[in-house]
Amino acid sequence: MKSNVRTLLIALLIFFTHRSFSQNCDSPMAQVDLAANNVRARLNQGGSLWWDGSDGRYIFPANSNPTNEVSALFAGGFWMAGFDDGGNLKMAASTYGLGSGAGAYWAGPLNMNGDTDASTCANWDRFFKVNQLDINAHRADWQDNGVIDNTIPVSILGWPGKGNPHFIGIHGFDLPDASLAPFFDNDGNGQYNPYEGDYPMTREADEAIWWIFNYSSSLELAGSLPLNVEVRVMAYAYASDNDAINNTTFYDVQIVNRAITSLDSTYFSLWVDPDLGCYTDDFVGCIPDEKMAIIYNEDAVDGSIGCNCDQGISTYCENIPMMAIKLIKGFSDQNGDDLGLSSFIIYGYGLPPNQSVPNNASEYYNLMTAHWLDGSSMLDPQGNPTNFQYPGSPADENAWSMCSANLPQGDHRMLMNFGPFRLNPGESNSMTFAVIGVEDVEYPCPATDQISGAASEVCDFYNILNKQNEIYLPENAVTFSPNPMTDQSVLSLKSSKLTINELALYTSEGRLLLHQQNLHTKSYNIEGTSLPSGIYLYKIICEDGRIAVGKFVVQ
């Protein structure tokens with residue numbers, strides 16, 4: 001463990017003092033590795049990523065010498081903050097709590113009141129892992145004759161899909177009556193039962209891992225109220241002959257507001273301690289147009305002195321990769337538009353006091369909104385306010401990067417921030433990001449062409465795969481009456497087993513007019529009084545992920 005981490009752990013224990021006296025739950029301890037391709041990434045229950053509580057465990061490349069494995073990232077975590085209807089700041093921030101037993105999150109779902117208890121936390125201190133080979137065999141078994149003849153793997157039989165009747169027999173506790181892990185609902189009844197042909201939906205990844213955690217009412221950060229949010233994550237990876245895909249891990253993140261009040265001006269952040277091998281000589285930056293952060297080495301040799309690093313940490317020596325964290329799909333605003341990457345900022349040791357470690361909730365929130373600890377704006381080299389620190393290519397001496405800034409060695413933390421958005425009670429919002437690595441990078445001050453090219457391949461792969469996996473309902477599965485529309489029409493699903501979760505309306509040219517989420521309804525009334533005469537399009541996404549599209553006319 002790095003010595004300056006120990007200092008920060010002491011500070012975190014002060015922040016979480018209240019927790020040690022009032023907690024209902026034990027801190028989550030479960031860990032698992034995602035290891036389908038050229039990456040072996042440690043995942044932690046409770047909001048932490050990529051470390052084991054002491055050392056970095058994002059091993060890339062995974063096929064390197066097992067006696068000298070090198071980690072490309074030291075640790076990651078999720079931050080979230082917003083204001084309730086009374087203007088009170090509510091937030092949680094996961095950093096090094098795993099190493100001290102004082103994490104910011106607890107395992108498991110929240111109930112409808114936004115609460116949890118010790119048994120729920122203990123039960124859900126686990127991961128649910130499944131592989132595509134098992135899913136493919138299960139699907140083939142059903143498609144053969146409409147009956148499951150073979151033994152169902154425990155990973156599929158015990159998947160935490162809504163209403164799974166076999167879950168308690170596998171895991172020893174029951175599911176809440178809520179939609180949790182994604183699944184294909186073969187019979188459209190809204191309930192997961194693999195004996196009816198249902199199976200986990202994992203974007204056809206070779207390996208996928210799903211888990212759920214929360215920030216409930218018994219945890220507090222100095223200067224904030226508890227959030228009462230639920231966080232669901234699926235991490236997944238693909239073994240591929242394409243280096244870009246084979247060197248990437250993906251993460252779907254969904255947040256659900258279980259509080260009785262809304263969260264406004266909400267930001268979600270990905271916090272990263274980006275130790276690329278040795279922790280003393282790392283640089284970071286961002287490419288705003290590509291919604292991407294980059295991590296690279298300060299010079300052509302990874303180490304404190306030559307290839308050696310303090311405390312015996314393994315290094316890349318002269319074979320140093322370059323890493324990127326790429327936003328694939330961002331959180332949505334109230335209109336359904338992708339908010340993208342709102343800001344990128346670093347803080348940490350060796351920086352001015354106003355850019356050091358935050359000490360209370362307000363300082364955390366300031367960093368999440370591209371401000372320094374005292375609330376002052378982040379400025380570019382010309383003195384203009386900016387949301388993106390070090391957005392230039394390291395290879396361009398005229399661009400603003402950590403290379404051109406000629407910064408001294410330091411151990412920095414970085415934040416990728418997403419927002420703002422509003423989250424009403426019961427509503428959810430989601431995003432997807434990927435961690436991408438490229439080898440054989442030319443140092444020092446590398447160009448970004450290679451990492452940008454890999455990120456582009458990853459995005460294309462993701463988009464094509466998702467398009468291929470979209471399942472469309474037949475046109476007659478939906479009624480739209482009356483059509484043509486006069487003042488009002490009702491859009492309904494014919495099947496009693498299907499429910500509308502999301503609805504979008506478009507002009508015939510494809511311009512978005514309306515986007516509604518979390519509807520949970522069988523039908524939806526559409527007002528036509530404000531629509532000019534013409535042809536319009538609708539798109540429905542059902543609770544089980546199936547899609548319906550169609551046209552209607554306004555006279």
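1. Start with the sheet: three strands make up an open sheet in the order E21-E22-E25, and their pairing is antiparallel. Keep in mind that you're looking at a predicted model. E21 and strand E25 (523-527) sit at the edges with a single partner strand each, so one side of each has no neighbour in the sheet. From one strand to the next, the twist averages 15°.

2. If you want to trace the pairing by eye, go to strand E22 (residues 488-493), which runs antiparallel to E25 and is joined to it by five bridges. A handy place to look is Ser492, whose bridge partner in E25 is Ser523.

3. Next, the aromatics. The whole structure holds 37 aromatic pairs. Take Phe128 and Phe167: their ring centres are 6.0 Å apart and the planes meet at 35°, so this pair counts as tilted. Phe128 belongs to strand E8 (residues 128-131) and Phe167 to helix H7 (residues 167-171), so the pair links distant parts of the chain, 39 residues apart. Both Phe128 and Phe167 are buried.

4. Because Phe480 is in strand E21 (residues 478-481) and Phe552 in strand E27 (residues 547-554), the pair ties together parts 72 residues apart in sequence. Phe480 and Phe552 are buried.

5. There's a cluster to colour in as well: ring pairs link Phe78, Tyr105, Phe213, Tyr215, Phe268, Phe331, Phe418 and Phe421.

6. Last, the cavities. How many cavities of 30 Å³ or more does a search of the whole structure find? The search finds two. The second largest cavity holds about 40 Å³ of space. Its lining consists of Pro274, Asp275, Tyr279, Asp282, Val284, Gly410, Asp411 and His412. By type, the lining of this second largest cavity comes to three nonpolar, two polar and three charged residues.

Note on methods
Residues are numbered from 1 along each chain as its sequence is written. This is a predicted model: local features need pLDDT of at least 70, side-chain atom pairs count only at pLDDT 80 or more; totals for chains, interfaces and linings use all residues. Side-chain values use heavy atoms; hydrogens and water are left out. On a 1 Å grid over the protein atoms alone, a cavity is a set of points where a 1.4 Å probe fits but cannot get out, and a pocket is an open set with protein on both sides within 12 Å along at least five of seven lines; lining residues have an atom within 4 Å of a point. Grid points are joined across faces, edges and corners, and a volume is the space filled by probe spheres set on the points. Ala, Val, Leu, Ile, Met, Phe, Trp, Tyr, Cys and Pro count as nonpolar, Asp, Glu, Lys and Arg as charged, and the others, Gly among them, as polar. Rings of Phe, Tyr and Trp (its six-membered ring) pair if their centres lie within 6.5 Å; planes under 30 degrees apart count as stacked, over 60 as edge-to-face and the rest as tilted. Helices (H or I, at least four residues) and strands (E, at least two) are DSSP runs, numbered from the N terminus. Buried means under 20% relative accessible area, exposed over 50%, partly exposed in between (1.4 Å probe, protein chains only). Two strands pair if DSSP finds at least two bridges between them. Axes are lines fitted to C-alpha atoms, for helices over the stretch in contact, and angles run from 0 to 180 degrees between N-to-C directions.
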